[in-house]
Amino acid sequence: MIDGPPPPIAPAVISRDAAGHATIRAVRVTEPPKIDGRLDDRVYEDVPAASGFIQHQPLANVPATEQTEVWVLFDRDHLYISARCWDSAPEAQWVANEMRRDALPMVQNEHFVVLLDTFYDRRNAILFTINPIGGRMDGQITDERTWNGDWNPIWELRTGRFEKGWTVEMAVPFRSLRYRPGQFQTWGVNFQRNVRWKNETSALTSLSAARGGPGAIFQVHLSATLVGLEVPEGRNNANLEIKPYVISTLKTDRTSAPPVSNELKGDLGLDAKYGLTQNLTADFTYNTDFAQVEADEQQVNLTRFSLFFPEKREFFLENQGLFQFGGAANPVGGGGGGGGGGGGGGGGRSPSGGGETPPVLFYSRRIGLHQGREVPIVAGGRLTGRLGKFSLGVLNIATDREPVSQARTTNFTVVRVRRDLLRRSSIGAIFTGRSIAQDGVGSNAVYGVDGTFAFYDNLTINTYWARTRTDGLSGEDTSYRGQLDYAGDRYGVQLEHIVVGDHFNPEVGFLRRDDMKRSFALFRFSPRPASIEAVRKFSWMGSLNYIEDGTGHLETRDAYGAFGIEFQNSDRVDVELTKSYEFLEEEFPIAPSVTIPIGGHEFLNARMAFTLGQQRTVSGTISVEQGTFYEGHKTTIGFRQGRVEITPQLSIEPSFSINRVTLPYGAFTSSLVGSRVVYTMTPLMFVSALLQYNSSSNAASTNLRLRWEYRPGSEFFVVYNEDRDTLARRFPGLGGRAFIVKINRLFRP
């Protein structure tokens, strides 16, 4: 069944209804277009284009001010999508300064987006994003909210110019896609255009402005319907992919016992992918190595809770949205022994670190890492995909021993099943297990059920129940959550209650805080003033976060208020005020020679931030915080998401956070300074340097990377890592360094 107007009758390629819905007809070609960005093939004269894009920013449901024309073509092996993006400004005024593949700053450039809902489930999709200088980004959307930018299919792209704008030509092999069985296909499709120099976003169909600019395309249920498409008949579109690698490492480590100096090693391994069906894929890995992965960006942490670092290893990232449980987003903010900020809870900030997010039951960084040491991954496999209305994710990984951290040989298992309900709702179950618990005694397992229920465009209810089983722990081992979230454009409301037992212990997951009962409420009012031309939106927000332990004793209370102004040019001003209470059940060593005593502590913190839009040569958010902090005072000056454009190929991304803390128990300054420098030779080749200094650990680190995709799906890496101790007698003392060369090659038999 088609969710939209009737299919257009040839030669027409698009039909619309009064509600803004659309149906597009794909056109078969006998002679494929040449992918050169010129749009001078005969097909572009013979086949009409789909157009009539509709704004959702800054004005909703009015025609776009810049025209966009799109063609959807196909032949036996490929899907072709081409676009002519008209622009009334000269090219010198366009914002196009990011060429790296999958670099998030690209969404702040002029860009064109293709959305394909290949299963036509109106909730999951894949995205292709292109900017005028050939930058590309591809990724997966899960349940209209989770983004995975590490899905990297093989596809061909060229961009070009014409007198009044720029062009896109792309070819996607059907074997790079997953879809339902059958030769004749019906998909969801949408196209989005971002004219960054005037901060205007539009799409082929009418989208809700509540999701904001580029993120509006995530509303998969509002996409158009694509008909007339035929895929290769009776052929498994996934087929077999084999990707072997070889690696050589020259390593020095003066912190190991015994120390290692200029040790030369080599190794090899293999990844393989096999399509069991058109929509079910098996992945295998042997002797997995992640030496080419970019280093973590360090975080400042002045709370008593653990930090969350995102996964960056490719094997774990594809289809990671399938494993998400309970409607939980990745935790933000920090805690745990040397840095600060806190966050979460629907936007509330707490200087005490009281902001919370639900437990993450599968956190893939638990695999291959133990007590900060890398643990060898021997082999593993995954099975991901769809079976009708069911989504399935199964993972099994075996890791080897690691003598320094005393990690033992361990087997990790994750099983995730989810079934679609109604138009945009789902229920599911999860199981995770590790054969050897983290402390090396017994085993650990988690099982749970969850549900996400979406109503209308903006109302969602998230809920889950989960239980852990750990040898040596019994009782108080469950967690559950209920959350109501209304995220409209003008109004927003969030109500949430989470309970985490004292012995709830997801050892293949991430748990920021146990033994708690959390109640949270948030209200937001975001009007768009028609009488103030320079302002796009005001935002008033207030929230209350209340956390007790299992006995009902108050541990954390945060009252938060904020006011923000979003300008039409994408600059932004935010003012925030937070009043908090935090009870410490035990002493908290916040810094060397500085310990916070047991007892209740109150905070009053004010913050002001100014964000320069990323269309500027210098962009980023600079903030100043001042307030009380554990019977003393704390002043923080920070700069994050910074970017200085030197040329479209060369950029510097500086950041810093300086915390000056004065307490009755002592005073200290915690500083974190870093910068990423990127030079992009082509959209498929770049060099980056991540330089960081952390005063909490007195460490300076360097991560240099060359990444070259020398042929589709095949990569060459050169990496140099170095860590130095800034307090060593002979400054700066070398802790360790490694020079790594790695090459892989994709074979498609």
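Does Glu715 count as buried or exposed, and at what relative accessibility? Glu715 counts as buried, because its relative accessibility is 7% and the cut-off for burial is under 20%. The model is predicted. A search of the whole structure finds 43 salt bridges, and the aromatic pairs come to 23.

**Salt bridges**

- Glu715 meets Arg707 in a salt bridge, at 2.7 Å from N to O.
- Arg707 is buried as well, at 11% relative accessibility.
- Both residues belong to a network of salt bridges that also links Arg101, Asp138, Lys243 and Glu709.
- Glu653 pairs with Arg100, with the closest N and O atoms 3.0 Å apart.
- Glu653 sits in strand S39 (residues 650-663) and Arg100 in the loop between strand S6 (78-86) and strand S7 (111-117), so this bridge ties together parts that are 553 residues apart in sequence.
- Glu653 counts as buried at 14% relative accessibility, and Arg100 is buried at 10%.
- Asp420 and Arg386 form a salt bridge at 2.9 Å, N to O.
- That pair links strand S24 (residues 410-421), which holds Asp420, to strand S22 (residues 377-387), which holds Arg386; the two residues are 34 apart.
- Asp420 and Arg386 are both buried.

**Charges over rings**

- Lys634 lies over the face of Phe629, 5.5 Å from the ring centre.

**Aromatic pairs**

- One of the 23 aromatic pairs joins Trp147 and Phe218; it is tilted, with ring centres 6.0 Å apart and planes at 40°.
- Trp147 lies in strand S10 (residues 146-148) and Phe218 in the loop between strand S14 (200-203) and strand S15 (224-230), so the pair ties together parts 71 residues apart in sequence.
- Trp147 is partly exposed, at 25% relative accessibility, whereas Phe218 is buried at 13%.
- Ring pairs also link a cluster made of Tyr491, Phe523, Phe525, Phe538, Trp540 and Phe563.

**Nonpolar surface patch**

- Phe431, Tyr447, Val449, Trp465 and Tyr480 make a nonpolar surface patch of about 450 Å².
- Phe431 lies in strand S25 (residues 425-434).
- Phe431 counts as partly exposed, at 33% relative accessibility.

**A buried histidine**

- His370 is in strand S20 (residues 369-370).
- His370 is buried, with a relative accessible area of 13%.
- Leaving aside neighbours within four places in sequence, His370 is in contact with Val375, Ser405, Ala407 and Gln438.

Notes. Residues are numbered from 1 along each chain as its sequence is written. This is a predicted model: local features need pLDDT of at least 70, side-chain atom pairs count only at pLDDT 80 or more; totals for chains, interfaces and linings use all residues. Side-chain values use heavy atoms; hydrogens and water are left out. Helices (H or I, at least four residues) and strands (E, at least two) are DSSP runs, numbered from the N terminus. Buried means under 20% relative accessible area, exposed over 50%, partly exposed in between (1.4 Å probe, protein chains only). Contact means heavy atoms within 4.5 Å. Rings of Phe, Tyr and Trp (its six-membered ring) pair if their centres lie within 6.5 Å; planes under 30 degrees apart count as stacked, over 60 as edge-to-face and the rest as tilted. A charge sits over a ring if NZ of Lys or CZ of Arg is within 6 Å of the ring centre and within 35 degrees of the ring normal. Patches are made of residues with over 30% relative accessible area and no salt bridge: like charges are joined within 9 Å, nonpolar side chains (Val, Leu, Ile, Met, Phe, Trp, Tyr) within 5 Å. Accessible areas come from the Shrake-Rupley method with a 1.4 Å probe; for residues, only the protein chains shown count as cover. A salt bridge is a side-chain nitrogen of Lys or Arg within 4 Å of a carboxyl oxygen of Asp or Glu.
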